[in-house]
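Below are some notes to read beside the structure. They take up the sheet, then the helices, then a few points of backbone geometry.

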Amino acid sequence: MRARTHSVLAASVVLALAAGSLAAPAFAAPPATASRSADQRGPAEEALRAAIAGLPNQYATAALVRVGTPGGDWHGSAGVRDLASGRPAHPDARFRAGSITKVVTAATVLRLAAQDEIDLDAPVQGYLPDLFTPDFEQPISVRHLLNHTSGIKPGDSFGDDFAEVYAHRYETLTPQQVAASAIAEGPEDFVPGKRQQYLNINYTILGLLIEKVTGRSYASEATRLVLRPAGMHHTYFPGTDPRIRGPHSRGYQAVERPDGTTRLVDVTEWNQADRWAAGDMISTTADLEKLLTKLFRGRIVPQPELEEMFTTPAGVTGATLSAGLEYQEVDGQVFWSKSGSRYGYSTFIGGTRDLRRTLVYSVNSTDAKGEGHKPVAEAIVAAAVR
């Protein structure tokens, strides 16, 4: 029997666990005098406005925020579309959603499972026999991929540091190449299902699985099964196109010069093909809010498959990842969320399962992939959970 775990995380623990992915700000516990049991208050509008005031600054050039509470909703934007013109940020701008793509991929797999096209307990080796080598003797279930307990190692990339990957930003590394290189590395030294490691490769292989069982492209199936039912009309998968179509704010990465000063490098255009089903989606805050609310209400993934998104693997020490989401408990409230980052773009969606409190933001961070302090994002989260 599979059990839901409810390990309480310290407020200082970040939500994003992937090596190299955005470390989303932890939820800060409210003051001890605040009552959470019958909270009918609206958003802390003054605090939210203050959180995104003064942009652009050294930490971010723009921010878009949407907060939902029992007492009402709040939408805000700040900053500029680009540093050259200084035009105000478009409130409906598109941006790179990064690993929030995994929420859509997980939902697509679970829809297919509900239609009996995928068995979550079946070994993925049986679905993709041409991908796996004999080294993978232990069966890896589809569920192991969904909750990052597969034991598959990372695949190829264009490098580890900014300068290296930036030099290849217009080149294409296909998902098939990434998956094949990962399998060539052989499995990790643990039994699948016994350890949790957040890695993009799990969702890259899920993308291949979707294509294999449907005979159609990942983008078309994710659109048919998730984006359209959610009403996400401004969200798409760019493939090898390095541009962001439609209104958007440009992304920048802070790079240190030899003399110790910092310059901002425009990173808006970037071929994200290697991130694919794990992180190449382009969206808007309004669309991501629709995804969050309709998903949690069971309007995209039906029961019992929806429970996979609110269930962490039993018997795995420290597991906080479910199918597409991440778990955190703060001050007696359970939050389910997902963060994402690509250079120039930091994104977050999350809320309580009953949707009494929700948050979606996109921040054009100048160090989106860094693991350090994120003042703008942290201020948004602190204001959103008041």
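Two strands are said to pair if DSSP finds at least two bridges between them. The notes rest on that meaning of pairing, and the model they describe is predicted.

1. Start with the pair β9 and β10. Strand β9 covers residues 345-352, and strand β10 covers residues 358-365. They pair in the antiparallel sense over 6 bridges. One place to look is S346, which stands opposite V363 in β10. The two strands form a hairpin with 5 residues between them, and in this hairpin L355 takes a positive phi near 65 degrees.

2. Which strand pairs with β10 over 7 bridges? The partner is β1, residues 60-69, and the sense is again antiparallel. Here R66 stands opposite V360 in β10.

3. Is β10 mostly covered or mostly open? The strand is mostly covered, with 8 of its 8 residues buried. In a regular strand the side chains alternate between the two faces of the sheet. In β10, T358, V360, S362 and N364 point one way, while L359, Y361, V363 and S365 point the other way. The residues of both sets are buried. A residue is called buried here when its relative accessible area is under 20%.

4. Now take the whole sheet. It is an open sheet of 6 strands in the order β2-β1-β10-β9-β8-β7, with antiparallel pairing. The edges are held by β2 (72-79) and β7 (326-330); each has a single partner strand, so one side of each is left without a neighbour in the sheet. On average, neighbouring strands of this sheet are turned by 15 degrees against each other, direction ignored.

5. Y327 stands opposite W336 in β8.

6. A helix is also to be found against the sheet. Helix α11, residues 375-384, lies across β1 and β10. It runs at about 165 degrees to β10.

7. Next, the packing of α2 and α7. Helix α2 is made of residues 101-114 and helix α7 of residues 200-214; their axes are 10 Å apart, at an angle of about 40 degrees. Angles from 35 to 65 degrees fall between the roughly parallel and roughly perpendicular classes, and α2 and α7 are therefore oblique to each other. Their crossing is left-handed. On the α2 side the contact is made by K102, T105, A106, T108, V109 and L112, and on the α7 side by N200, Y203, L206, I210, V213 and T214. By class, this contact has 7 nonpolar, 4 polar and 1 charged residues.

8. Helix α7 also packs with α6, residues 175-184. The axes of α6 and α7 come within 10 Å and cross at roughly 120 degrees. This pair is therefore oblique as well, and the crossing of α6 and α7 is left-handed. From α6, the contact takes in P175, Q176, V178, A179, A182 and I183; from α7, it takes in I201, T204, I205, L208 and E211. Sorted by class, the contact of α6 with α7 has 8 nonpolar, 2 polar and 1 charged residues.

9. P56 lies in the loop between α1 (45-51) and β1. Another is the bond from Q303 to P304, with omega near 0 degrees. P304 lies in the loop between α10 (285-296) and β7.

10. D116 has a positive phi near 60 degrees and is placed in the loop between α2 and α3 (124-127). H148 has a positive phi of about 60 degrees and is placed in the loop between α4 (142-146) and α5 (162-166).

11. Are D116 and H148 buried or exposed? D116 is exposed, with a relative accessible area of 70%. H148 is buried, with a relative accessible area of 4%.

Methods:
Residues are numbered from 1 along each chain as its sequence is written. This is a predicted model: local features need pLDDT of at least 70, side-chain atom pairs count only at pLDDT 80 or more; totals for chains, interfaces and linings use all residues. Side-chain values use heavy atoms; hydrogens and water are left out. Buried means under 20% relative accessible area, exposed over 50%, partly exposed in between (1.4 Å probe, protein chains only). Helices (H or I, at least four residues) and strands (E, at least two) are DSSP runs, numbered from the N terminus. Axes are lines fitted to C-alpha atoms, for helices over the stretch in contact, and angles run from 0 to 180 degrees between N-to-C directions. Contact means heavy atoms within 4.5 Å. Angles under 35 degrees count as roughly parallel, over 145 as roughly antiparallel, 65 to 115 as roughly perpendicular and the rest as oblique. A crossing is left-handed if the near helix is turned anticlockwise from the far one by less than a right angle, and right-handed if clockwise. Ala, Val, Leu, Ile, Met, Phe, Trp, Tyr, Cys and Pro count as nonpolar, Asp, Glu, Lys and Arg as charged, and the others, Gly among them, as polar.
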